[in-house]
Structure formats: structure tokens, C-alpha cells
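Me: Hi, I'd like to go through this structure with you. Could you take my questions as they come?

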Amino acid sequence: MHNRKAVYPGSFDPITNGHIDIIQRGLKIFDNILIAVLENPNKRPLFTTKERVKMIQEIFSDQKNVEVKSFHGLLVRFAKENNAKVVMRGLRAISDFEYEFQLALMNRKLDPEIETFFMMPNVKYSFLSSNLVKEVSMLGGCLKGLVPEAIEARLKNKTYNSYKKL
Ligand code: PNS
């Protein structure tokens, strides 16, 4: 049978329970999910590409059908090189729609063979974003239930020094 593989791209700085929720939903539909971590020096991420990849690998270490790689350049090119014809993205709210609509249609223009597949996360994550998670962590707030415990610990380590400087 045809192997259905989806690429799930993002910055994942860091991965949150919202991303994990989308990946788990995706696994009901696709045989394999390739998590593609954007390597973008312009975005000045809190975690290095290596750290972001490693954190995600640890979370999915017992799931053979989830793979993690970093990528740079065009997403559609990366998808093709990895034999995936679907890009999976999560939609939290209407506010996500405009950007995602542009991204999906630009990707279609670049490669008409690649389709974008959208899914909604559990409503309890609809307010969640990596940027807010970083801010809450920096200000000493509790992230229980929003990111895996291992990620919360790493966030605390990373943000501790910047918090002290405030
Ligand atoms: O988690 P994010 O930051 O919302 O993810 C954005 C991402 C990585 C999906 C997007 O920036 C991307 O695909 N970048 C790769 C460059 C690319 O292909 N650009 C043209 C598509 S419009």
C-alpha cells in the first residue's frame, strides 16, 4: 500500500503541547510524520537548531514513525527531497488563517504536487504559542500542562540568566 508521509514544519522554539497534539492527530491519518525544524538565523531563536531537534527527538523516542530533521531553504524542496507530498499545519484560531492561507498557496505555486493539510488542536491549546511560552518562562510563570516537563526544565535553564538581568 502507498505510504502516506507528511512533513510538519515549524520553528519549534520550543515545541509545545499544542504541536504535540497536532502530531498525535496527524499520526491517525499519516503513516509517517517528518518534523521539519526551521534553521533560520534571522529569527534569532532561543534554542539552537540542534537543541530544538534533540528536544523533539527525545519526546518521540519511542515512536518509530516520527522522524525529526532540520531544514533550510524552501519547504517544498525539503518535502520533495524527503518523498513527502503533504505539509501538515495546525490552525489555532481565525488569526492564524491569513498567514497559513498565504503560505499554503505560495507553496502550491512553488510546487503544485504538494498539498497542505490543516488540523485544529484541542481547544485547551488554542491560546498557546512558543513565543508566549518563552515569555511566561522568562517571567517565572508556571507552564504546567503547556509544554512537556523536560522542555519546561530546559526553558528555565535558558531563561534564568535573562530573567536575572531584568
Ligand atoms: O512555526 P512557524 O514559525 O510558524 O513555521 C513557519 C514555517 C517554517 C512553516 C515557514 O516559515 C517556512 O516554511 N519556511 C521555509 C521557507 C519557505 O519555504 N518559504 C516559502 C513559503 S511561503
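**Strands, pocket and loops**

Reply: Happy to. Lys5, Val7 and Pro9 point one way from β1, while Ala6, Tyr8 and Gly10 point the other way, and all are buried. Buried means under 20% relative accessible area, exposed over 50%, and partly exposed in between (1.4 Å probe, protein chains only). Strands (E, at least two residues) and helices (H or I, at least four) are DSSP runs, numbered from the N terminus.

Me: Before we go on, what kind of model is this, and how are residues numbered?
Reply: It is a predicted model, in which local features need pLDDT of at least 70 and side-chain atom pairs count only at pLDDT 80 or more, while totals for chains, interfaces and linings use all residues. Residues are numbered from 1 along each chain as its sequence is written, and side-chain values use heavy atoms, with hydrogens and water left out.

Me: Thanks. Why do the side chains in a strand go both ways?
Reply: Because in a regular strand the side chains alternate between the two faces of the sheet.

Me: Which strands pair with β1?
Reply: β1 pairs in the parallel sense with strand β2 (residues 32-38) over 6 bridges, and also in the parallel sense with strand β4 (residues 86-90) over 2 bridges. Two strands pair if DSSP finds at least two bridges between them.

Me: Which residues face each other there?
Reply: On the β4 side, Ala6 stands opposite Val86. On the β2 side, Val7 stands opposite Leu34, and the bridge partner of Lys5 is Asn32. The chain gets from β1 to β2 through helix α1 (residues 17-26), in a right-handed β-α-β crossover. Right-handed means that, with the strands pointing away from the viewer, the path from the first strand over the helix to the second runs clockwise.

Me: What does β2 do on its β3 side?
Reply: β2 runs parallel to strand β3 (residues 66-71), and 6 bridges join them. Leu34 turns up again here, opposite Glu67 in β3. The chain crosses from β2 to β3 through helix α2 (residues 49-59), and this β-α-β crossover is right-handed. As for burial, 6 of the 7 residues of β2 are buried, so β2 is largely enclosed by the rest of the structure.

Me: Which element gives the largest share of the lining?
Reply: α4, with 7 residues. β1, α1, β4, α4 and α5 (130-138) each supply at least two.

Me: Tell me about Pro9, then. What is it in contact with?
Reply: Leaving aside neighbours within four places in sequence, Pro9 is in contact with Ala36, Phe71, Leu75, Val87, Met88 and Arg89. Contact means heavy atoms within 4.5 Å. Pro9 is buried, with a relative accessible area of 6%.

Me: And Glu100, is it buried or exposed?
Reply: Glu100 counts as buried, at 5% relative accessibility. Glu100 is in helix α4 (residues 94-110) and touches Arg89, Leu91 and Phe118, not counting residues up to four places away in sequence.

Me: Last topic, the backbone. Where is the cis peptide bond?
Reply: The bond from Asp13 to Pro14 is cis, with omega near 0°. Pro14 is in the loop between β1 and α1. Ser130, in helix α5, touches Asp13, Pro14, Thr16 and His19, not counting residues up to four places away in sequence.

Me: Which residues have a positive phi without being glycine?
Reply: Among them are Phe12, at about 50°, and Asn83, at about 55°. Phe12 is buried at 2% relative accessibility, whereas Asn83 is exposed, with a relative accessible area of 68%.
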